[in-house]
Amino acid sequence: MTGSEVRATPSPSLAQHATGVFTLTALVASYTALGLMILVDRAVLPGRSIPSRIGWDMEEASSLLLVLVLLATTISITRVTEGTAGLRALAGRMTRWRVGWRWWLTAVAAVPAATVGLAVALGDHVVAPTPRTLIGELGASAVGLLLINVAEETTWAGFLQTRLERAHSLLVAAVLTAVPFALVHIPIRVVAREIDSPAELLPQLAVLLVLCTIIRVLLGGVMRGAGNSILVVAATHTSFNRSNNVDGIAADLLVGQARPLAALAAAIVVAALILFALRGRLGRAERLRLDAAEVARSASSARR
């Protein structure tokens, strides 16, 4: 047996604690990497001008580094705990695009449309976008999806959250996933200067925990409804970001101050509608059924 074959063999002992091992490893690795980025940003270490050479700022560079660290952790833990078969299944989730059109429409349009509608109801005004604005938004969404959100949701939806669903309901798994999901975003807020002192840490973490719980419920519902397609989940995440961000499509369409509140309310409304549509399919039994079907599909593909 070669060394490669040995490494590809799953470890049953680690597999029993995959979520805990992953969470600890991901937090240590991400805080180490982003700690270095904070030192670079504060000019303690050299290199602060490097991101600007490709048109990025330090927050964008830090976000990309974070998702790369998380993706590497996910692939490593999957390889150790599930072997080659686990990696094949993960890759299948990442590239699964044959999903019903309703889920694609939900992923791409539900949160932005609800954000605009709710913002108008709260007093904002809609302005017509220019062709240049629409083209720019399409490009920004594509970059966010392909460079950030696919990798990010491979980690959270594709690995951690679905494994937690094997032991808990969708809602409980979403809450549990929201904790490390929020924690790894704290250093990003330090880089973005949204946290400048220790006194701001706990309030920012509390806000992040609420926001991340809402997002994880929304994305957990999409993951289940879309048959474990990480691609559809990542598209949903991108559409939420482009609704919530100050430079996203909702900001381009709206004039007023209601957009941030409307984006949050839109995520809650869309998540509630998805959970209602999936009622009766939110427990462990549905997660185990989906996983069993995925294993059978992967085995069938391997035999061809």
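The expected span of a helix is 1.5 Å times one less than its number of residues. I kept that rule at hand while going through this predicted model.

**Entry 1: helix α9**

I looked up α9, which covers residues 201-225 and has 25 residues. At 1.5 Å a residue, the helix should span 36 Å. I then checked its end C-alpha atoms and found them 35 Å apart, which agrees.

I went through the backbone angles next. Most residues other than glycine have a negative phi.

Arg 193 is not a glycine, yet its phi is positive, at about 65 degrees. I placed Arg 193 in the loop between α8 (186-191) and α9. Asn 228 is not a glycine either, and its phi is positive, at about 70 degrees. Asn 228 sits in the loop between α9 and α10.

Are these two residues buried or exposed? Arg 193 has a relative accessible area of 40%, so it counts as partly exposed. Asn 228 has a relative accessible area of 1%, so it is buried. The cut-off I used for buried is under 20%.

**Entry 2: α10 against α12**

Two packed helices are described by the angle between their axes and the distance between the axes. I looked up both for α10 (residues 230-244) and α12 (residues 259-277). The axes come within 9 Å and cross at roughly 155 degrees. Angles over 145 degrees count as roughly antiparallel, so α10 and α12 are roughly antiparallel to each other.

Which residues make the contact? From α10 I listed Phe 240, Ser 243 and Asn 244. From α12 I listed Arg 259, Pro 260, Ala 263 and Ala 267. I sorted the residues of this contact into four nonpolar, two polar and one charged.

**Entry 3: α5 against α12**

I turned to α5 (residues 101-121) and its packing on α12. Their axes come within 8 Å and cross at roughly 135 degrees. The two helices are therefore oblique to each other. I noted the crossing of α5 and α12 as right-handed.

On the α5 side, the contact is made by Trp 103, Thr 106, Ala 110, Val 111, Ala 114, Thr 115, Leu 118 and Ala 119. On the α12 side, I found Arg 259, Ala 262, Ala 263, Ala 265, Ala 266, Val 270 and Ile 274. How do the residues of the contact of α5 with α12 divide? I wrote down twelve nonpolar, two polar and one charged.

Notes: Residues numbered from 1 in each chain as written. Predicted model: local features only at pLDDT ≥ 70, side-chain atom pairs only at ≥ 80, totals over all residues. Heavy atoms only, no water. Helix = DSSP H or I, 4+ residues; strand = E, 2+ residues; numbered from the N terminus. Axes fitted to C-alpha atoms, helices over the stretch in contact; angles between N-to-C directions. Parallel < 35°, antiparallel > 145°, perpendicular 65-115°, else oblique. Contact = heavy atoms within 4.5 Å. Nonpolar A, V, L, I, M, F, W, Y, C, P; charged D, E, K, R; others polar. Buried < 20%, exposed > 50% of the residue type's maximum accessible area, 1.4 Å probe, protein only. Left-handed = near helix turned anticlockwise from the far one by under 90°.
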